Amino acid sequence: MKILSIALNTFRENLRDKLLYNLLIFALLMIGSSIIISKLTLGDFDRLMIDIGLASVNFFGVLIAIFIGIGLVSKEIDKKTIYTIVSKPVARYEFLLGKYLGLLITLLVNTAIMTVGLVVVLWARNVTVDGLLFEAVGMIFVEFMVITAVALLFSTFTSTTLSAIFTLAVYVIGHLTPDLKTFSEKMDEVGRAVMNGLYYVLPNLERFNLKGHVIHHLQVTSADLALIVLYGLAYATFLLVVAGLIFERRDFR
Amino acid sequence: MKDSADVVIQIENLTKVFRVGFWGRKVTAVDRVSLAVHRGEVFGFLGPNGAGKTTTLKMLMGLIYPTSGHATIFGHPIGAPQAKAKLGFLPESPYFYDYLTGAEFLRFYGHLFGLRGAVLSKRIDELLDTVGMSHARDLQLRKFSKGMLQRVGIAQALINDPELVVLDEPMSGLDPIGRKEVRDLILRLKEAGKTVLFSSHILHDAELLCDRVAMIMKGRLVACGPVSDLLSGGSTHEVELVIERLVPEALERIRPFAKKVVVQGEQVMVVLASQQDVNHAIDVVRSVKGHVVSLTPHRASLEDLFIREAKTARQPVEVAA
């Protein structure tokens with residue numbers, strides 16, 4: 001119950017944050033602009049619209065996850081608001097989970113709005129919308145869960161600027177992990193060990209990318225979907241446990 | 001000695017060593033502090049800025065972990081949920097969730113104690129009224145003045161009707177009216193049987209309010225006890241006597257035993273060090289038909305004690321490298 005109260009308070013904080021609306025407006029503009037861009041291409045304009053649309057949902061969601069996520073905890077410490085929470089009968093992990101869930105609620109609402117925008121644009125251009133599109137959005141949301149957990153983890157022990165840089169790095173590298181594997185094969189022993197280490201430690205975010213499937217109408221089996229969701233949840237849980245352990249030991253000075 | 005059931009906070013040898021800077025230099029912020037706060041008393045935690053008051057309070061609130069020593073609140077180790085359920089805390093110069101309105105702010109904290117619905121709404125109304133903030137219930141905190149924030153912060157600390165209220169510098173940054181209101185509030189809490197622990201570097205407030213005070217300097221406890229005990233120990237009481245129509249030769253009779261004599265036109269101000277000297281001086285004044293305008297005992301103030309302790313505590317900077 002306390003976790004939910006903190007989550008709802010965080011959600012309310014996000015709702016009253018101008019940053020959120022700016023990002024949301026940009027996302028909708030981006031999705032809308034795919035209409036114009038598709039007119040400049042020859043044929044296959046529906047592919048392009050789905051591609052740009054899903055990429056916008058992903059990109060702006062990640063921006064929200066990172067830029068609000070990094071401030072979730074550090075802002076509370078900077079502004080000393082955490083003093084009044086931790087001195088109440090609230091365990092530190094409850095606070096952390098509350099903040100995490102609060103941002104997820106924000107992301108859920110945002111993803112829903114962006115998806116509605118995308119569907120409206122696609123309908124307007126008579127592009128068929130099938131269930132696969134929603135599965136893809138669902139997996140994008142699982143990616144948000146991982147990215148938010150990364151941002152939260154960094155924000156429990158470093159400054160907001162460093163958290164932003166680290167989280168953005170994890171996001172970019174996370175989409176390139178298969179390349180890490182390829183690189184490692186061309187390196188010496190040490191280089192291979194480092195690359196392989198990174199490959200296994202960093203999240204493989206490409207797993208959550210179903211854009212290709214949507215564009216080429218390739219069905220994804222429910223077993224595959226379950227596996228992706230499970231992977232995302234396990235990864236996020238692991239990060240939250242580490243964040244919780246760090247946060248538990250911290251002195252709030 | 002008080003019964004153990006009457007001890008609300010028990011601190012034993014509480015120590016905090018911070019590591020600062022790149023090399024992790026050790027700085028002792030709080031050094032083996034031991035004290036007890038009893039049920040129903042107003043306890044002042046005094047010391048200059050940077051003495052370790054806030055660090056001690058933060059340790060009690062479970063915000064930072066002690067390096068050594070330990071403390072209990074209501075018999076529970078610090079940080080225990082059972083203890084936190086019965087206390088309220090106002091941090092030093094707090095910045096609250098500025099996107100919330102006064103009422104939303106208190107509702108959120110009420111939820112953290114499991115308060116809901118009509119009970120919570122009633123409590124919020126009462127508290128806003130208590131701290132004189134009913135007009136601001138629907139105003140966002142970002143529009144509050146510092147005094148208003150301090151008041152709503154106090155309301156936040158009282159949301160669970162706590163038995164123990166801990167206030168870190170509750171008077172700082174307030175104007176004289178605001179300070180008086182906070183003082184009145186603390187006295188009301190005492191009347192309601194609450195235990196109040198507050199820190200301050202403003203000694204006047206503590207003198208007016210506290211049953212007992214502890215004084216901390218550079219992390220060390222230098223004095224602890226009832227205000228009257230701390231004040232009576234130390235310097236003897238001086239008395240200031242203002243006299244009119246005193247003939248010069250009478251003044252010369254007083255001068256030898258007076259500590260200080262100041263002549264201002266018609267009036268003479270004489271400072272005397274003992275009761276005997278006072279009687280003697282008055283006899284002289286009456287014998288020459290002089291006029292005693294006023295007689296003011298100079299009670300040693302906490303301020304004097306503070307300065308005295310600060311002088312004795314002036315030692316090399318406490319760095320255990």
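A salt bridge here is a side-chain nitrogen of Lys or Arg within 4 Å of a carboxyl oxygen of Asp or Glu. By that rule, 4 salt bridges cross the interface of chain B and chain A. One to look up is Lys16(B) with Asp251(A), where the side chains meet at 2.5 Å, N to O.

Before going on, a word on the ground rules. This is a predicted model, where local features need pLDDT of at least 70 and side-chain atom pairs count only at pLDDT 80 or more, while totals for chains, interfaces and linings use all residues. Residues are numbered from 1 along each chain as its sequence is written, chains are lettered from A and ligands numbered from 1 in the order in which they are written, and side-chain values use heavy atoms, with hydrogens and water left out.

Back to the interface. Here 35 residues of chain B are in contact with 28 residues of chain A, contact meaning heavy atoms within 4.5 Å. About 2900 Å² is buried between the two chains, and carbon and sulfur atoms give 56% of that; buried area is the accessible area (1.4 Å probe) that two parts lose on being put together, summed over both. Leu63(B), Tyr99(B) and Leu112(B) supply 24% of what chain B buries against chain A, more than any other three residues.

Now for the whole structure: it holds 23 salt bridges over all chains. Among them is the pair Lys99(A) and Glu13(A), with the closest N and O atoms 3.6 Å apart. Lys99(A) sits in helix 6 (residues 92-124) of chain A and Glu13(A) in helix 1 of chain A, so the pair ties together parts that are 86 residues apart in sequence. Helices are DSSP runs of H or I, at least four residues, numbered from the N terminus.

A pocket is an open set of points on a 1 Å grid over the protein atoms alone, where a 1.4 Å probe fits, with protein on both sides within 12 Å along at least five of seven lines; lining residues have an atom within 4 Å of a point. Of its 18 lining residues, Glu13(A), Asp17(A), Lys75(A), Lys79(A) and Tyr99(B) lie nearest its centre. Helix 4 of chain A gives the most to this lining, with 4 residues.

Methods: Helices (H or I, at least four residues) and strands (E, at least two) are DSSP runs, numbered from the N terminus.
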